Amino acid sequence: MNPMMFFLLILFLFLLAGIRIIFEYKRALKFRFGKYVKTLNPGFRWIIPIVETIQVVDIRVITINIISQEVMTEDNVPCSIDGVVFFQIRDPEKAVLEVEEFSFAITQLSQAALRDVCGKVELDTILSKREEMGKNIKAIVESETHQWGIEIIDVKIKDIQLPENMRRMMANQAEAERSRRARIILAQAEEQAADMLLQAGKKIDQSPSAIKLRLYQTLSNIAAEKNSTILFPFPEEVLPRKSKE
């Protein structure tokens with residue numbers, strides 16, 4: 001092979017080996033002999049093979065699961081809680097140079113923060129104020145990740161697993177509460193019905209014709225089935241009436 005052609009082939013392979021394509025949602029940190037040089041933006045880029053290397057960082061919103069953590073609440077109730085963390089890299093240089101394996105670091109921080117926050121409140125607070133618990137966990141994690149150039153978008157508590165006996169007790173409590181409300185509503189209905197009957201009785205008592213009509217309506221209701229005989233031992237006119245003033 002011609003030495004010139006061989007040289008050109010080696011040069012072509014050398015140039016080809018240095019070609020890098022960086023996608024829009026990524027950034028690449030360039031290192032020369034292990035020393036950081038600059039951050040490469042998206043597009044067609046070329047580096048010196050062997051001499052230079054790059055480390056690509058995804059700047060999209062990244063999701064990390066918080067594996068189930070055994071937590072003892074303030075009122076001494078054991079439970080298992082898991083969640084999810086949403087974060088985004090704002091400064092790729094700090095995310096790579098300031099911390100090793102930032103994803104693992106955020107996972108560990110989130111697990112510790114979840115145990116710390118949920119262990120300081122009662123179970124009822126965790127169940128009813130998940131959003132507030134997530135914000136508290138986010139604040140703790142974000143205080144550490146801010147110096148790494150990473151922004152915590154949100155932290156959500158996904159699931160809370162309770163012991164079987166505790167679930168039964170909570171179900172009994174809810175059933176008792178519903179029964180209490182039903183009895184209160186029934187008592188209020190009886191009270192309102194009694195008031196209405198009292199008012200109706202007073203109005204009927206003021207009119208002899210109303211009393212007579214009410215009597216006939218009652219007799220009509222009794223005789224609706226046509227299986228009974230009604231006897232009056234005395235005429236209806238002798239019934240006591242309210243004297244007119």
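Strand β2 (residues 26–32) pairs with β5 in the antiparallel sense, over 7 bridges. Two strands count as paired if DSSP finds at least two bridges between them. Strands (E, at least two residues) and helices (H or I, at least four) are DSSP runs, numbered from the N terminus. Within this pair, A28 stands opposite V56 in β5.

The model is predicted: local features need pLDDT of at least 70, side-chain atom pairs count only at pLDDT 80 or more, and totals for chains, interfaces and linings use all residues. Residues are numbered from 1 along each chain as its sequence is written, and side-chain values use heavy atoms, with hydrogens and water left out.

The pair belongs to an open sheet of 3 strands, in the order β3-β2-β5, with antiparallel pairing. β3 (35–40) and β5 are the edge strands, and each pairs on one side only. Neighbouring strands of this sheet are turned by 25° against each other on average, direction ignored. Axes here are lines fitted to C-alpha atoms, for helices over the stretch in contact, and angles run from 0 to 180 degrees between N-to-C directions.

## A second sheet: β6, β7 and β8

Another open sheet has 3 strands in the order β6-β7-β8. Its pairing is antiparallel. β6 (62–72) and β8 (150–161) stand at the edges with a single partner strand each, so one side of each has no neighbour in the sheet. The twist averages 25° from one strand to the next. Strands of a sheet pair through backbone hydrogen bonds, either parallel or antiparallel.

β6 and strand β7 (residues 78–89) pair over 9 bridges, in the antiparallel sense. V71 stands opposite C79 in β7. I64 has V85 of β7 as its bridge partner. The two strands, β6 and β7, form a hairpin with 5 residues between them. In the turn, N76 has a positive phi of about 60°.

## T73, in the β6–β7 loop

T73 has its place in the loop between β6 and β7. Is T73 buried or exposed? T73 is buried, with a relative accessible area of 2%. Buried means under 20% relative accessible area, exposed means over 50%, and partly exposed lies in between (1.4 Å probe, protein chains only).

The side chains of T73 and D75 are joined by a polar contact of 2.5 Å. A polar contact is a pair of N or O atoms within 3.5 Å; within protein, one must be able to donate a hydrogen and the other to accept it, and residues adjacent in sequence count only if both atoms are side-chain atoms. The T73 side chain also reaches the backbone nitrogen of V77, at 3.1 Å. Leaving aside neighbours within four places in sequence, T73 is in contact with C79, C118, G119, V121, E122, L123 and I126. Contact means heavy atoms within 4.5 Å.

## Q88, in strand β7

Q88 is found in strand β7. Its relative accessibility is 15%, so Q88 counts as buried. A polar contact of 3.1 Å joins the side chains of Q88 and R90. Beyond neighbours within four places in sequence, Q88 is in contact with I59, R60, V61, G149, I150, E151 and I153.

Helix α3 (residues 102–118) lies across β6, β7 and β8. α3 runs at about 35° to β6.

α3 also meets helix α5 (residues 130–145): their axes come within 9 Å and cross at roughly 135°. That makes α3 oblique to α5. Angles under 35 degrees count as roughly parallel, over 145 as roughly antiparallel, 65 to 115 as roughly perpendicular, and the rest as oblique. On the α3 side, the contact is made by I106, L109, S110, A113, L114, D116 and V117. On the α5 side, it is made by M133, N136, I137, I140, V141, E144 and T145. α3 passes α5 in a right-handed crossing. A crossing is right-handed if the near helix is turned clockwise from the far one by less than a right angle, and left-handed if anticlockwise.

## Positive phi in two loops

Most residues other than glycine have a negative phi. I50 is not a glycine, yet has a positive phi of about 70°. I50 lies in the loop between β4 (43–46) and β5 (52–58). I50 is exposed, with a relative accessible area of 84%.

E101 is not a glycine either, and has a positive phi of about 55°. E101 is found in the loop between α2 (92–97) and α3. With a relative accessible area of 57%, E101 is exposed.
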